[in-house]
Amino acid sequence: MQGRRLATTDEIIAIVSPNSDDVVARLESWTTARDITLSTVDVGDEIDERYDPNRATLGITIGGDGTFLEGIKTFAPRNVPQLGVNTGTLSFLARVEPDDLNAALDEVVQGRAKVDSRQQVAVTGSSVDATGINDVTVKHVPPENPVDSKVTQLDVYADDEYIGEFEGTGLAVSTPTGSTGISLSANGPIHYPVDNHTLQLVPLHTHQLGVRPIVVSPSTELRIVTRGPATLLVDGGRTHTRLETGESVLLTGADRLAHVVRTSYDDHFFTAIAKKLGWGIRAVDDQPSTPRSETDRALGSGPHSGTISSAIPTATEADPANPANPANPAKSSSVADAGETGSRSDSPAVPSTGRDDRTTLEYARTVATEAAEAAGEPLRELHGQVDSITVKSDKSDIVTEADHQANRIITTVIDNEFPEHGIVSEEQPRRNRADGYTWVIDPLDGTGNFAHGNPNYSVSIALLDCGTPVMGVVYVPETDELFSAIAEVGARRDGDPIETTDRDRLDESMLISGYDPDGTFLSHFYQESRGVRRLGSAALNLCYLASGSADATWEHDTHPWDIAAGLVIARAAGATITDERGEPFTFELETDDRTALLGSNGPLHPALLGHLKTGLSDRGADR
Ligand code: IPD
Ligand code: CA
Ligand code: CA
């Protein structure tokens, strides 16, 4: 889940442990000031009556790690991201301190927090069906008389391959998140949990010195068969059952991940480990500065390049000792530094006063990439399951709830980052800034395909400088492809440079037709070329031209938002774009005028124009 998506949060549900009134009062005044709905429930209570799946909900837990684990049970099955406020003592999971709550929440609704998607472990058997974020342990049943204490014998298989017989107190199967718990105390390794989906099997109090922890993938099926009665506990007993002799249970990675919100107010993972485990290899306060040079940081070339925290305007220049968080001098680690991976934006970030145009555009590309990827999430979730389609001007001009959700995410993110800029989006009233920067957005290009479950649709975001398209991002949610360009700098797909073909023979070329109501393009070029494809997203058609999988594309008429981003990408990749007469292609943001577009690799343009002009005059379409 993308942190940018949280910019549209409009509801908070808080699970509250006893004696948390102060924190709840603070949360109430924060939510009231921002018109965000707040519901609170006690630990252990159901949230069904408060939860509305159609809203953008953030889950909060106020308590220690126990309350956080209750939150995971409640929020993870509903795909709700969760932030933990720590009012407990030794806490690895609930990492925001009450004093930092307001500032941390501001960061969340600005879309600047990150979301860690954590692996969970699932266990099934005749007497259990549960999921845990930490671990599943299978242990001996405590005897009534301690003198009768016995070892537990468990046969364990991985994907039906027999691992062996484990003898001792039992076994723990833990997630990376749970690796700092029971399994650590049994000499298991600590897993760095970010983007780590492995599970580990750790013997507890075994007497066989050669038996070591085993790490498996989340798709491995671990089968544990008891040779005597045993107790099974999930997350320290939040779910528990007794297993009889010969009973078997199956453990594997859960399909559903838990979404844990991380802000710059969280401790760095290894700082938390050092503090909480008294780690001997460094003193808690003995943190050397990042090994990356300042140049690396500015160019985003470190392990977290392109992450939000490295991208947002910070007090870096003003206070080099506090690179991450101008509002919180006590903390020096950022979310990015906490280890989350970056987006594919390969842009340097950190705009500053007096920045040059290139830096502004690189930063704009970072924000547009993150906004497009965040919008892609609800699009993927709703793809193929749209039940309400609204017809706009005619039967093929439609809009769905998905268009609006994607629009909300993108425009909120852009407004947060660039409040001075104009925004012209297909799905909202125009706010053009003819004398400055304006964003031109189609939150879902190819709604017809989308609504019918066809994967050919995209998110299109462009930036115009005084009317000239200068930066474009087109994201394809179903294939997770990201096209982007800065005018006159170059175009990329997933970070790799792309360019148009140099084919100059029409009979060897592959063409794409967009909207072609009277079939002019198809009828003229179908016989002349290798083929004419009709796909359904104008933005994406231009990206196919840019990356060489098509040699030309045609739109009988387009709106600016259909093509603004694709235009920058195709031009930067070497394409020639004109109207149907060969005049340079332009568009108008103030009116509803639509324009014809012929895009090609360049060498084919004269031949295409020649045929097209004949076709148009044949049909009396001389416009
Ligand atoms: C449409 C698509 C289509 C093009 C139409 C556009 P929408 O956009 O780009 O390929 O031919 O002219 O309206 O309505 O799906 O955003
Ligand atoms: Ca469109
Ligand atoms: Ca659209």
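Tutor: Welcome! Helices (H or I, at least four residues) and strands (E, at least two) are DSSP runs, counted from the N terminus. This model is predicted, with pLDDT of at least 70 needed for local features and 80 or more for side-chain atom pairs, while totals for chains, interfaces and linings use all residues. Numbering starts from 1 along each chain as its sequence is written, chains are lettered from A and ligands numbered from 1 in written order, and side-chain values use heavy atoms, without hydrogens and water.

Student: Where is N134 found?

Tutor: N134 belongs to the UniProt "binding site" annotation, from an unreviewed entry, which also covers D65, G66, D135 and K150; such annotations may be inferred rather than shown by experiment, and their positions follow the numbering used here, with feature names shortened. Its place is the loop between β7 (128-132) and β8 (135-140).

Student: Is N134 buried or exposed?

Tutor: Buried means under 20% relative accessible area, exposed over 50%, and partly exposed in between (1.4 Å probe, protein chains only). N134 has a relative accessible area of 15%, so N134 is buried.

Student: Which residue has its backbone nitrogen 2.9 Å from the side chain of D65?

Tutor: D65 sits in helix α2 (residues 65-75), and D65 counts as buried because its relative accessibility is 16%. A polar atom of the D65 side chain lies 2.9 Å from the backbone nitrogen of L93.

Student: Which residues coordinate the calcium ion (ligand 2)?

Tutor: Donors are N, O and S atoms within 2.8 Å of the metal (3.2 Å for Na, K and Ca), and water is not among the atoms, so sites may look incomplete. In sequence, the donor residues of this ion, calcium ion (ligand 2), are spaced D-x2-D-x116-D. At 2.1 to 2.2 Å, they are D442 (OD), D445 (OD) and D562 (OD).

Student: How many residues apart in sequence are the parts tied together by D442 and D562?

Tutor: Among the donors of the calcium ion (ligand 2) are D442 and D562, both of them buried. Because D442 lies in strand β22 and D562 in helix α13 (residues 560-572), the pair ties together parts whose sequence separation is 120 residues.

Student: Which residue bridges the calcium ion (ligand 2) and the calcium ion (ligand 3)?

Tutor: The calcium ion (ligand 3) is coordinated at 2.2 to 3.0 Å, with E426 (OE) and L444 (O) among its donors. The two ions lie 3.7 Å apart, and the residue that bridges them is D442.

Student: How many disulfides does the structure hold?

Tutor: A disulfide is a pair of cysteine sulfur atoms within 2.5 Å. C466 is partly exposed at 47% relative accessibility, whereas C543 is buried at 0%. The number of disulfides in the structure is zero.

Key:
Polar contact = N/O pair within 3.5 Å; in protein donor to acceptor, adjacent residues only side chain to side chain.
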